[in-house]
Amino acid sequence: GVDGDIDDLNEGLKELLKRKHSIIEEKRVISLRLSEITSELLGKDDVTEIAELENRRNEIEREIRQADQELGSIRTQRENWVKQKTDYERVLIHLSDKAKKADIAKQRFQYCEEAKNVLSEIYNILIEEVRKNVAERINGVLQRVTGNDFHVELTSDFRLRTLQQIGE
């Protein structure tokens, strides 16, 4: 019923909050690396090495900006989900008040159920896309820093696994 839909929306909001914290942590790690590179720059005399570190620092700054954009997107999604949850709660109250109009209530419920399913599918697609993009970016940075022997996998629950290819 609508109570279940509200529970599903609450779960979706919890997932968005987890993703937000994940991106904030990713941004923190990238910022830390940026500070390390800046410190490295201060101790270098080789112009080529300084230029390379500066390029890496610029790339990390770009990734920080992208993480900020993703956080903004997640905030917008969260606001939309909160609004949707409020709409579901209003539907629930309305259904309670209008129990004698069961056919209309049933039709509204079906619309809400369809909306929930669509939102759930969109949410899953967005989470998978974000997971894939983050893994690709991390792999790109990792390969630039360590070479091609290492790569990462980002699991469906956003756990990061670092793998190293040894031989075949």
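Reader: How many nonpolar, polar and charged residues are in the lining of the largest pocket?

Author: Start with the general idea. Rolling a probe the size of a water molecule over the atoms shows where empty space is left. Now the case here, bearing in mind that this is a predicted model. The lining of the largest pocket holds 13 nonpolar, two polar and eight charged residues. The volume of this pocket is about 590 Å³.

Reader: Which residues lie nearest the centre of the largest pocket?

Author: Glu26, Val29, Ile30, Ile138 and Leu160 do, out of 23 lining residues. Two or more lining residues come from each of H1, H2, H3, strand E1 (150–154) and strand E2 (160–164). H1 gives the largest share, nine residues.

Reader: What is the volume of the second largest pocket?

Author: About 220 Å³. The largest share, four residues, is from H1. By class, the lining has three nonpolar, three polar and four charged residues.

Reader: Which residues line the largest cavity?

Author: Arg56, Glu59, Ile60, Val141, Arg144 and Val145. Helix H2 (47–97) and helix H3 (102–146) each supply at least two of the lining residues. Three residues of the lining are nonpolar and three are charged, with no polar ones.

Reader: Next, the packed parts. Which residues have the most contacts inside the largest nonpolar core?

Author: Look for buried nonpolar side chains that join up through atoms within 4.5 Å. The largest such core has 14 residues, and Leu16, Ile23, Trp81, Tyr88 and Tyr123 have the most contacts inside it. Helix H1 (2–42), H2 and H3 each give two or more residues to this core. H2 gives the most, six residues.

Reader: Take one member. What does isoleucine 23 touch?

Author: Leave out residues up to four places away in sequence, and Ile23 touches Ala67, Glu70, Leu71 and Ile74. Another core lies apart from the largest one. This other core has six residues, among them Ile30, Leu34, Leu53 and Ile64.

Key. Residues numbered from 1 in each chain as written. Predicted model: local features only at pLDDT ≥ 70, side-chain atom pairs only at ≥ 80, totals over all residues. Heavy atoms only, no water. 1 Å grid on protein atoms, 1.4 Å probe; cavity = no way out; pocket = protein on both sides within 12 Å on 5 of 7 lines; lining within 4 Å. Nonpolar A, V, L, I, M, F, W, Y, C, P; charged D, E, K, R; others polar. Buried < 20%, exposed > 50% of the residue type's maximum accessible area, 1.4 Å probe, protein only. Contact = heavy atoms within 4.5 Å. Points joined across faces, edges and corners; volume = space filled by probe spheres on them.
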